[in-house]
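Subject: Structure handover

Hello,

Here is the structure to look through. My notes on it follow below.

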Amino acid sequence: MERLTWQRKEIMKAIEDLHHTSLATLTSYLKDKGINISLSTIYRNLESLTNDGLVRSVDIKECNNSIYEIASISEHDHFICLECNNIIDIPKRLKLKKGSVKKDGNLVYEINVCEYGICKDCINKYKNS
């Protein structure tokens with residue numbers, strides 16, 4: 001595990017504040033807060049934090065890249081609203097874990113389940129308009 005530098009601490013705090021964030025959103029958020037960390041430093045630190053198991057990277061096709069969240073949050077799946085692009089944590093559907101071997105003999109490295117639809121807030125907006 002690498003040393004917890006001030007940059008890593010600021011990145012972790014920002015991810016906690018944002019809950020789910022892309023690299024672009026994270027960079028913008030830090031800049032808006034007056035925290036000057038270069039894009040390459042943010043990227044390198046995200047990679048290190050992910051490798052150290054402090055941050056979880058989730059590939060979501062609508063983001064065209066990964067989103068990041070704090071890894072200490074219990075594993076869960078995601079619901080992505082196709083209207084507002086909000087990402088909502090939902091209970092884990094599959095009970096397999098990384099490193100488990102399925103009945104067919106395949107070794108599971110990663111499980112990434114996303115549900116797509118319209119969130120209840122967007123549905124309510126349509127009902128009320």
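Which residues does I11 touch, not counting residues up to four places away in sequence? They are L26, L30, I37, I42, N45, L46 and L49, where contact means heavy atoms within 4.5 Å.

Before the rest, some ground rules. This is a predicted model, in which local features need pLDDT of at least 70 and side-chain atom pairs count only at pLDDT 80 or more, while totals for chains, interfaces and linings use all residues. Residues are numbered from 1 along each chain as its sequence is written, and side-chain values use heavy atoms, with hydrogens and water left out.

The cores

I11 is one of the residues that touch the most other members of the largest nonpolar core, along with I15, L26, L30, I42 and L46. This core has 15 residues. A nonpolar core is a set of buried Ala, Val, Leu, Ile, Met, Phe, Trp, Tyr and Cys residues joined through side-chain atoms within 4.5 Å. Buried means under 20% relative accessible area, exposed over 50%, and partly exposed in between (1.4 Å probe, protein chains only). At least two residues of the core come from each of helix 1 (6-18), helix 2 (23-32), helix 3 (39-51) and strand 3. Helices (H or I, at least four residues) and strands (E, at least two) are DSSP runs, numbered from the N terminus. Helix 1 gives the most, with 4 residues. There is also a second, separate core of 6 residues, including I60, I67, I80 and C114. In soluble globular proteins, nonpolar side chains tend to be buried together.

Helix 2 against helix 3

These helices pack at an angle of about 125°, with their axes 11 Å apart. Axes are lines fitted to C-alpha atoms, for helices over the stretch in contact, and angles run from 0 to 180 degrees between N-to-C directions. Helix 2 is therefore oblique to helix 3 (under 35 degrees counts as roughly parallel, over 145 as roughly antiparallel, 65 to 115 as roughly perpendicular and the rest as oblique). L23, L26, T27 and L30 of helix 2 meet L39, I42, Y43 and L46 of helix 3.

H76

H76 sits in the loop between strand 3 (65-70) and strand 4 (77-81). It counts as buried because its relative accessibility is 11%. Its side chain makes a polar contact of 2.9 Å with the side chain of D89 (a pair of N or O atoms within 3.5 Å; within protein, one must be able to donate a hydrogen and the other to accept it, and residues adjacent in sequence count only if both atoms are side-chain atoms).

Regards
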